[in-house]
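The sequence and the structure are shown first.

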Amino acid sequence: MTSPKIASLSWGQMKVQGSTVTYKDCKVWPGGSRAWDWRETGTEHSPGVQPADVKEVAEKGVQALVIGRGMSEALKVPASTVEYLEKQSIDVWVLQTEQAVKEYNSLVAQGVRVGGVFHSTC
């Protein structure tokens, strides 16, 4: 099962191949995607993306996970989240969202089992 490409990104809107939904923030993994609702884990811009935010994607058997910090990189990613993924032998990229989407799509094109969590505004 391959990871779906991010078909488009603009401020506050993301489209994922294979989904009819337009996401504001989303999680993607081999074979699927869904909206990323920060309220599920109490996420805020600071301290940012917690291990609980990436756990679902990590458990989908990904080799790599790309985190998009927002268009202006307002979303923080603490070391604990990166360490959580690295302990599971998952390669991690933490990038501004436009760069994160480019990296994610590049990894998809290379056949990597990649997941992502993306914030499409600030």
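## A residue pair between strand 4 and strand 5

Lys 27 stands opposite Arg 34, a residue of strand 5. This pair belongs to a predicted model, as does every feature reported here. The two strands concerned, strand 4 and strand 5, run antiparallel and are paired over 4 bridges. Together, strand 4 and strand 5 make a hairpin in which 2 residues lie between the strands. Gly 31, in the turn of this hairpin, has a positive phi of about 90 degrees.

## Overall architecture

The protein chain contains 3 helices and 8 strands. Along the sequence these elements follow the pattern β-β-β-β-β-α-β-α-β-α-β. The radius of gyration is 13 Å, close to the 14 Å that the globule rule gives for 122 residues, so the chain is as compact as a globular protein of that length. Taken along the principal axes, the box filled by the C-alpha atoms is roughly 30 × 30 × 25 Å.

An open sheet is formed by 5 strands in the order 5-4-8-6-7, with mixed pairing. Its edges are strand 5 (32–35) and strand 7 (91–95), each of which pairs on one side only. On average, neighbouring strands of this sheet are turned by 10 degrees against each other, direction ignored.

Within this sheet, strand 4 (residues 25–29) also pairs with strand 8 (residues 114–119), in the antiparallel sense and over 4 bridges. Asp 25 has His 119 in strand 8 as its bridge partner.

Strand 1 (residues 6–10) and strand 2 (residues 13–16) are joined in the antiparallel sense over 4 bridges. Ile 6 has Val 16 of strand 2 as its bridge partner, and Leu 9 stands opposite Met 14, also in strand 2. Strand 1 and strand 2 form a hairpin with 2 residues between them. In the turn, Gly 12 has a positive phi of about 75 degrees.

## Helices against the sheets

Which strands does helix 1 lie across? Helix 1 lies across strand 4, strand 5, strand 6 (64–68) and strand 8, and runs at about 35 degrees to strand 4.

Helix 3 (residues 97–109) packs on the sheet of five strands, where it touches strand 4, strand 6, strand 7 and strand 8. The direction of helix 3 makes about 165 degrees with that of strand 8.

## Contact between helix 1 and helix 2

The axes of helix 1 (residues 51–58) and helix 2 (residues 79–86) come within 9 Å and cross at roughly 25 degrees. Angles under 35 degrees count as roughly parallel, and helix 1 and helix 2 are therefore roughly parallel to each other. Their crossing is right-handed.

Which residues of helix 1 and helix 2 meet? From helix 1 come Pro 51, Val 54, Lys 55 and Ala 58, and from helix 2 come Ser 80, Thr 81, Tyr 84 and Leu 85. By residue class, this contact comprises 5 nonpolar, 2 polar and 1 charged.

## Backbone features in the loops

Ser 46 and Pro 47 are joined by a cis peptide bond, with omega about 15 degrees. Pro 47 is situated in the loop between strand 5 and helix 1.

Glu 73 has a phi near 55 degrees, a positive value in a residue other than glycine. Glu 73 is located in the loop between strand 6 and helix 2.

Notes. Residues numbered from 1 in each chain as written. Predicted model: local features only at pLDDT ≥ 70, side-chain atom pairs only at ≥ 80, totals over all residues. Heavy atoms only, no water. Axes fitted to C-alpha atoms, helices over the stretch in contact; angles between N-to-C directions. Parallel < 35°, antiparallel > 145°, perpendicular 65-115°, else oblique. Left-handed = near helix turned anticlockwise from the far one by under 90°. Contact = heavy atoms within 4.5 Å. Nonpolar A, V, L, I, M, F, W, Y, C, P; charged D, E, K, R; others polar. Pairing = 2+ DSSP bridges. Rg over C-alpha atoms; globule rule 2.2 N^0.38 Å.
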